[in-house]
Amino acid sequence: MNSYSIKELLNKQPVGDTVEINGWVKTFRSNRFIALNDGSTIHNLQCVVDFENFDDNLLKQISTGAALKILGTLVESQGRGQSVEIQATDVFVHGTADAETYPIQPKKHSLEFLREKAHLRVRTNTFSAVMRVRSALSFAIHSYFQQNGFYYMHAPVVTGSDAEGAGEMFRVTTLDIKNPPLSDNGEVDYTQDFFGKETNLTVSGQLEAETYAMGLGKVYTFGPTFRAENSNTSRHLAEFWMIEPEMAFYDLDANMDLSEDFIKWILQYVLDNCLDDLEFLEKRLLDEEKSKPQNERSEMALIEKLKFVVDNNFKRVSYTEAIDILKNSKPNKKKKFQFPVNEWGVDLQSEHERFLVEKHFKCPVILFDYPAKIKAFYMRLNEDKKTVRAMDVLFPGIGEIAGGSQREERLEVLQQKIKELDIDEKELWWYLDLRRFGTAVHSGFGLGLERLVQFSTGMGNIRDVIPYPRTPQNAEF
Ligand code: 4AD
Ligand code: MG
């Protein structure tokens, strides 16, 4: 007798064999048919149980959510909707699920409702599919880099630096916040804190990754990242997972090439390995879109959209060109943008990015050479002294999915910039050392895993693509 996952069983279809499976009841109908799911696949396995052959008590214990072990013979199915089913000879109840109180019933639940039941929502078709895709994407990311000569580098989670200079950090301290030690000038004395200095959760592993790229050549980080930005949007989390490749001897063009090749490769991986889940998610999305007005529906179904991205070149456009397009665009002229685009130098908002991608170019876009003033200190200054070698990868429905740059490798230029921004040079002594000892052209970018999962699954809200979302006022579970 063989114990199988449902996925293995459906692949192998050993008709006539006695098999054993374990899983949770999805539906139970006609006091006879149990649809069991074990999470290995979106598909359920139908188990036919003749309850008259079993103890009277058994029937009462079978309801949606109960965990069962079922033994029986795998037979070709008589009914429609499945090719094989199990004719049960033995049913063991691991645990019942009270139908009155079990929240995940076989009906449509709203995503908002399920967010409050985040510990149980992975038992729904939608969340199990999303989380399998998330897992596959993560594996694909490692595979891509490992096959292309990159080393996986673990950047520290606790750090003293604010890599992005945006000041959106979560403090890490063991000081008594009600009664912290004070120094003579009345300020909190962090020399008495655990690390002897102010520390925070990392907002990016980039600076540390740069140090490793300048020794290992090509590295990537892939880890949790924290931002205390108070933005309650469908694209922001306070804790998210970021992938940051960093490459010595890469200029911005090589960086753009890599980002495009990388994203296409991992999306192709998901198309090749998660088709069942994508088909389910595509259907779900089509249903959801029926309730939207025509002009808000997406022009492509999910799988078509993924294939489109894989098969077409990303359009590369300079910030300056993009501003011209936006300035002269219909929504700008008709004052439809919440943030009007009047002049060169303004930061682009999500509405602008999405206009460029969804309406103007109708394909993924890489914007490059942004004004220095709106980008981080470490980006390489162009000859014009106004722009930096930055790049943002913009995706339909998402906006910015990845952002990166060629790094400033010239010591004096970097020192000058640090001074202008009033950053404490002493804090960055080790970062500046890279420019003192064997400096070289180098580049990298950061990709937000959750935004990639959103794109791959069509989920509209970032809270629905991570097991336990951390957002302002919310850290349940
Ligand atoms: O554009 P960001 O802030 O870039 C950096 O952190 C650089 N250090 C990356 C690098 O060059 N190594 O963030 C990179 C990506 C964004 O494009 C976005 O996909 C994601 O990280 N991201 C977030 N995802 C979810 N919630 C947030 N609050 C995010 N902030 C950034
Ligand atoms: Mg960015």
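**Starting point: strand E16.** I began with E16 and found six of its eight residues buried, so this strand is largely enclosed by the rest of the structure. For my own reference, buried means under 20% relative accessible area, exposed means over 50%, and partly exposed lies in between, with a 1.4 Å probe and protein chains only. Helices (H or I, at least four residues) and strands (E, at least two) are DSSP runs, numbered from the N terminus.

**Ground rules.** I am working with a predicted model, where local features need pLDDT of at least 70, side-chain atom pairs count only at pLDDT 80 or more, and totals for chains, interfaces and linings use all residues. Residues are numbered from 1 along each chain as its sequence is written, chains are lettered from A and ligands numbered from 1 in the order in which they are written, and side-chain values use heavy atoms, with hydrogens and water left out.

**The eight-stranded sheet.** Next I looked up the sheet that holds E16. It is an open sheet of eight strands in the order E7-E11-E12-E17-E16-E15-E14-E13, and the pairing is mixed. Which strands stand at the edges? I found E7 (151–152) and E13 (315–318) there, each pairing on one side only. Two strands count as a pair if DSSP finds at least two bridges between them. A reminder to myself: strands of a sheet pair through backbone hydrogen bonds, either parallel or antiparallel.

**Walking in from E13.** I then followed the pairs one by one.

- E13 pairs with E14 (residues 365–371) in the parallel sense, over four bridges. Lys315 stands opposite Val365 of E14.
- E14 and E15 run antiparallel and are joined by six bridges. Here Val365 has Leu394 of E15 as its bridge partner.
- E15 and E16 are antiparallel as well, with six bridges. Leu394 turns up again, this time with Glu400 of E16 as bridge partner, and Met391 stands opposite Gly404 in E16.
- E16 and E17 run antiparallel over five bridges. Gly404 stands opposite Phe445 in E17.

Is E15 buried or exposed? Nine of its nine residues are buried, so E15 is largely enclosed by the rest of the structure.

Helix H6 (residues 252–273) lies across E12, E13, E14, E15 (387–395), E16 (399–406) and E17 (442–448), and runs at about 15° to E15. The axes are lines fitted to C-alpha atoms, for helices over the stretch in contact, and angles run from 0 to 180 degrees between N-to-C directions. Contact means heavy atoms within 4.5 Å.

**Gly446.** I stopped at this glycine, which sits in E17. Gly446 is buried, at a relative accessible area of 9%. What does Gly446 touch, leaving aside its neighbours within four places in sequence? I found contacts with Met242, Ile243, Glu244, Ile401, Ala402 and Gly403. I also noted Val388: it is 58 residues from Gly446 in sequence and 17 Å away in space, C-alpha to C-alpha.

**The three-stranded sheet.** I moved on to another open sheet, with three strands in the order E8-E10-E9 and antiparallel pairing. E8 (158–159) and E9 are its edges, each with a single partner strand, so one side of each is left without a neighbour in the sheet. Two bridges join E9 to E10, and Val172 stands opposite Thr199 in E10. Phe194 lies in the loop between E9 (171–172) and E10 (199–201). This phenylalanine, Phe194, is exposed, with a relative accessible area of 60%.

**Two positive phi values.** Last, I checked the backbone. Most residues other than glycine have a negative phi. Gln13, not a glycine, has a positive phi of about 50°; I found it in the loop between helix H1 (6–12) and strand E2 (18–29). Gln13 is partly exposed, at 30%. Asp422 has a positive phi of about 60° and is not a glycine either. Asp422 lies in the loop between helix H12 (411–420) and helix H13 (429–436), and at 71% relative accessibility it counts as exposed.
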